[in-house]
Amino acid sequence: MSRAGRLVVLAILLSADRVSGQASTPVPPPGNQAIPEAFDVRAAVDAYLAKLPPAQRARSDAYFEGGYWLLLWDFLSTVVVMWLLLRFRWSARMRNLAESVTHLRPLQTALYWVQLVVTASVVTFPLDVYEGYFRECKYGLLNQTFGPWMWDQIVMLLVNVVLGAMLMVPLFGLVRRLGKSWWVWGATLTVVFAAFVSLIAPVYIAPLFNKYRTLQDPHIKDPILSMARANGIPATDVYEFDASRQSNRVSANVSGFAGTLRISLNDNLLKRCTLPEIETTMGHEMGHYVLNHAYKGLVMIGVLIVIGFALLNWGINFGLARWGLKWDVRGITDVAVLPLAVILFSFYFFLLTPVTNTISRTLEYEADMYGLNTAQQPDGEANVDMLLGEYRKLDPSPFEEFIFFDHPSGRTRITAAMRWKAEHPQSSSAEEMARPIFNTK
Ligand SMILES: [Zn+2]
């Protein structure tokens, strides 16, 4: 996705997800086995972790650890591109071009935005194509050929152009009218906009990339709807979508806001997982729903956005006082200042990576607890957690988990599941424990 567009896509931070697996076996009934007296949680966790063969585990670790560096390269490439736009006055030229086309200021802002997003996307394309296509292919995580992958990128670019313009036009309107206090209202507008994007995403954005339909198979649908009813969730709100178009990753999510809030699960989950595994995953997603994580996430990210705008206001004034003339940027009301704003906001959120990850990881952990209590399938939970180990490091150091993990690690999640199982011996499932979830090829 384009860098400049990431400002906009903050809203999508609010959707919570979950992932992965591979062998398909007939759905076994949940077993009821007595657990030996002194159940050793740690040994049970290690037994699950051992299900992923060492070679595949090394591959998954390498993939995930490479992602740590990509955070840095993405940040640096954004800063360099934005700085070049200012330093060589390309930003000022894009503004001049917009002004020569129309006298209407909102339209000038929109025209400038289009040029900025397209330019930034073209310049960072080599890194984006490596990261999103070649690297994913190398690790066997992509099901798409280049053409369909590229088409998805173009659609995403258009979404960023349209949504970004919808934010930038009123934002610069506020800056021009409100003067010094613009950042308070700018932050408020951005939070409201994030809620708006979340509201329309399931209906207008997600269908651009995948086909959604209500879940049909009664063997899966009925138990899920029963769980949903038991948890006070509108019973028709379970959707399935064709994520296999892009990858084999198992995933489900809660998306939307207010009237569009819905739970969706992907076709990989349906194909690769047993009923207990699907149930525990849906229990997790229902946790996000019932615990109002969409709203709590918005409030927490909202606080960061308000602080971010205060720093943005200070940083823009500081930068323009020094280099404004050199860059031919007339002031804070001039759209040509946007690359500076992108640099400052990228820096802020780059430094906040452990904070935003911890906000997400904490909510995910809550949803795990909710899923365990609702579905009561600790062994199914452990198998799904292992499937995520295809592309997320299973056993990181606590420091690594704190900094880089937006979901708890496999070890943390399986430890929670086995701890739950130790207190609920009747929930143990021999079938789930014995199920080989990875092809050992
Ligand atoms: Zn989740």
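This is a predicted model: local features need pLDDT of at least 70, side-chain atom pairs count only at pLDDT 80 or more; totals for chains, interfaces and linings use all residues.
Start with strand β5, residues 262-266. Five of its five residues are buried, so the strand is largely enclosed by the rest of the structure. In a regular strand, side chains alternate between the two faces of the sheet. Here both faces are covered. On one side sit R262, S264 and N266; on the other, I263 and L265; all are buried.

Now the neighbours of β5. Which strand pairs with β5 in the parallel sense? That is β3, residues 238-241, over four bridges. Y239 has S264 as its bridge partner in β5. Strand β4, residues 251-255, pairs with β5 in the antiparallel sense, also over four bridges. The hairpin of β4 and β5 has six residues between the strands, and G256 takes a positive phi near 90°.

Next, helix α7, residues 146-178. It has 33 residues, and at 1.5 Å a residue it should span 48 Å. The end C-alpha atoms are 47 Å apart, which agrees. After α7 comes G179, with a positive phi near 60°.

Last, the zinc ion. Which residues coordinate it? H284 and H288, each through NE2, and E364 through OE, at 1.9 to 2.1 Å. The sequence spacing of these donors is H-x3-H-x75-E. H288 lies in helix α11, residues 275-290, and E364 in helix α14, residues 353-375, so the pair ties together parts that are 76 residues apart in sequence. Are H288 and E364 buried or exposed? Both are buried.

Definitions and conventions
Residues are numbered from 1 along each chain as its sequence is written. Side-chain values use heavy atoms; hydrogens and water are left out. Buried means under 20% relative accessible area, exposed over 50%, partly exposed in between (1.4 Å probe, protein chains only). Helices (H or I, at least four residues) and strands (E, at least two) are DSSP runs, numbered from the N terminus. Two strands pair if DSSP finds at least two bridges between them. The expected span of a helix is 1.5 Å times one less than its number of residues. Donors are N, O and S atoms within 2.8 Å of the metal (3.2 Å for Na, K and Ca); water is not among the atoms, so sites may look incomplete.
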